[in-house]
Number of protein chains: 2
Amino acid sequence: MIQNAAIIPLLKDVARQEHQLQLTCDSCALYSLCLPLGLHRNDLETLDSIIKRSKPLASGQALYKMAASFDSLHVVRSGAFKTTLTAADGREQITGFYLPGDLIGMDAIHTGQYQSTATALTSSSVCGLPYDRLQDLSQVIPALQQQIYNRLSKELANDKQLLMALGQKTAMEKLVSFLISLSRRFEERGYAANRFQLPMSRIDIANHLGLAIETVSRLLTQLSNDGLIDCQGKMIELLDKPQLKKLCS
Amino acid sequence: MIQNAAIIPLLKDVARQEHQLQLTCDSCALYSLCLPLGLHRNDLETLDSIIKRSKPLASGQALYKMAASFDSLHVVRSGAFKTTLTAADGREQITGFYLPGDLIGMDAIHTGQYQSTATALTSSSVCGLPYDRLQDLSQVIPALQQQIYNRLSKELANDKQLLMALGQKTAMEKLVSFLISLSRRFEERGYAANRFQLPMSRIDIANHLGLAIETVSRLLTQLSNDGLIDCQGKMIELLDKPQLKKLCS
DNA sequence: TAGTGAACTTGACTTGGATCAAGATGGCAT
DNA sequence: ATGCCATCTTGATCCAAGTCAAGTTCACTA
């Protein structure tokens, strides 16, 4: 892509800025959340050299599909994604939501195929990390190896928390845990912790938590009525965090 | 049940052999299932040198407890383990069962603390892998790094399959998926695929699958009545695998 | 600015699996 | 052997959340 110095100042559109291709990791707003965190300058440049900064994806577009040949991990640059497992009979389970800085596709590493389908929830963009190159690089950059171990481990720990929610919690506890967890993740990314736009539909939330969409809708209404949240469509405000935390024990 | 006195010493020998301390990985029966698979001879010796071959654990004994300081991953040498998350209110969720060759504790890597409690289900033994040493070693042994990535990724993929089960499947589908998955894991370890001893109680199965123990009991009875399994206490025989596979779609 | 379809809400009813209750079985310590 | 306590089974009842149904709102497109 040709960068014309003359038009850069004209890029006032925030959305477009969010999606524009970064040239390097060290000029990226996500640096402090992202994989290269802690790498030395020359290691960072080496990592930079293998990253494929791909084009934006439209809402609903697949980044990759289940059973496709696995070649790259992806970091969310902007927007949000969901990953979906599809059973033989067509039933689907959303196994995760991914926000900027998150690494997608780690469950595919041990096979040659993606184990799930990754779909953009909004207009989004990613950085592609060819896995064979990343593997080689992590062999010679200790900080990178450590980051990858940590990311894998963290997703594992998250999934186990979700197992707890799906196995033991009531519908209300599931939903509130989900909202609290989203809040924490937005906060980590420098956004407001208590007021945010849900990037996913009620259908997606319901599926992810193993609930019916009607249940999610009813519970959000109930939380609103109880004054614990303010909920206008996809805009959510958490009004009483301590009380909410009590609700998911 | 009375065993012929003459063979008792032999049985004791087998049991002791299973738990006896191996001196090296290359003399270990689990070699082909275990982390060092694919390592060159001298790399194997280096890995050997960091492994702590710990004493056997009795049934019910904890290998480590949630929130304890994390220092080692563990490979199951014999027996079986469960890992448990405990919520603030005391509710528990069994997040995984681990058989010989499996790696326990990977969800703790990204923090300084174990994220769950690991408990022996039967008399068991493990090899301890001090994580800092393992990390250093995997930095210089590419095959080891790759093995660790693969193990992490595989557990991630497993957990996501379990999320699908907990989120979308009926009680019967959950239970049958669980039996099929156990069967495959025993088979991978060279045991009979269709006839095995459940290492865990009904209570543990129920908890792991997000069901009540009564439901598990009833469904096992039903599967027995339908001639799909034979079930004598903890001894399970899968009589009609194709039909069972149909049941979990 | 009206029309369309998807997403969402709300209400009425149903049900799968939980809970409660009461034995049966089985492993183990004495 | 015997008694004890865990685990497991089976039956009866209940309820949280699912399903079905009927709007309402919202985002787009024409």
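Biologist: How many residues of the surface near DNA strand C are nonpolar, polar and charged?

Modeller: Start with the classes. Ala, Val, Leu, Ile, Met, Phe, Trp, Tyr, Cys and Pro count as nonpolar; Asp, Glu, Lys and Arg are charged; the others, Gly among them, are polar. A residue is near a strand if its C-beta atom, placed from the backbone, lies within 6 Å of it. Here the surface near DNA strand C has six nonpolar, six polar and five charged residues. This is a predicted model: local features need pLDDT of at least 70, side-chain atom pairs count only at pLDDT 80 or more, and totals for chains, interfaces and linings use all residues. Residues are numbered from 1 along each chain as its sequence is written, while chains are lettered from A and ligands numbered from 1 in the order in which they are written.

Biologist: Which residues are the closest to DNA strand C?

Modeller: Ser201(A), Ser217(A), Thr221(A), Ala212(B) and Thr215(B) are the closest, out of 17 that surround DNA strand C. Now think in elements. Helices (H or I, at least four residues) and strands (E, at least two) are DSSP runs, numbered from the N terminus. Helices α6 (202–209) and α7 (213–225) of chain A and α7 (213–225) of chain B each supply at least two residues here. The largest share, six residues, belongs to α7(A).

Biologist: And which helix gives the most to the surface near DNA strand D?

Modeller: There it is α7(B), with six residues. Around DNA strand D, Thr170(A), Thr215(A), Ser201(B), Ser217(B) and Thr221(B) come nearest among 17 residues. By class, this surface has six nonpolar, seven polar and four charged residues.

Biologist: How many residues does the contact take from chain A and from chain B?

Modeller: Two residues are in contact if their C-beta atoms, placed from the backbone, lie within 7 Å. The contact takes 37 residues from chain A and 37 residues from chain B. On the side of chain A that touches chain B, the largest share, 19 residues, comes from α4(A). That side divides into 14 nonpolar, 16 polar and seven charged residues.

Biologist: At what angle do α6(B) and α7(B) pack?

Modeller: For α6(B) and α7(B) the angle is about 105 degrees, and the axes are 8 Å apart. That makes α6(B) roughly perpendicular (65 to 115 degrees) to α7(B). Arg202(B), Ile203(B), Ile205(B) and Ala206(B) of α6(B) meet Ile213(B), Thr215(B), Val216(B) and Ser217(B) of α7(B). Five of the residues in this contact are nonpolar, two polar and one charged.

Biologist: Now the sheets. In what order do the four strands of the open sheet in chain A stand?

Modeller: Strands of a sheet pair through backbone hydrogen bonds, either parallel or antiparallel. Two strands count as paired if DSSP finds at least two bridges between them. In chain A the order is β1-β8-β3-β6, with antiparallel pairing. The edge strands β1 (52–53) and β6 (103–104) of chain A each have a single partner strand, so one side of each is left without a neighbour in the sheet. Two bridges join β1(A) to β8(A).

Biologist: Which residue takes a positive phi in the hairpin of β10(B) and β11(B)?

Modeller: Gly233(B) does, near 65 degrees; the hairpin has two residues between the strands. Four bridges pair β10(B) and β11(B) in the antiparallel sense. Asp230(B) has Glu237(B) in β11(B) as its bridge partner.

Notes. Axes fitted to C-alpha atoms, helices over the stretch in contact; angles between N-to-C directions. Parallel < 35°, antiparallel > 145°, perpendicular 65-115°, else oblique.
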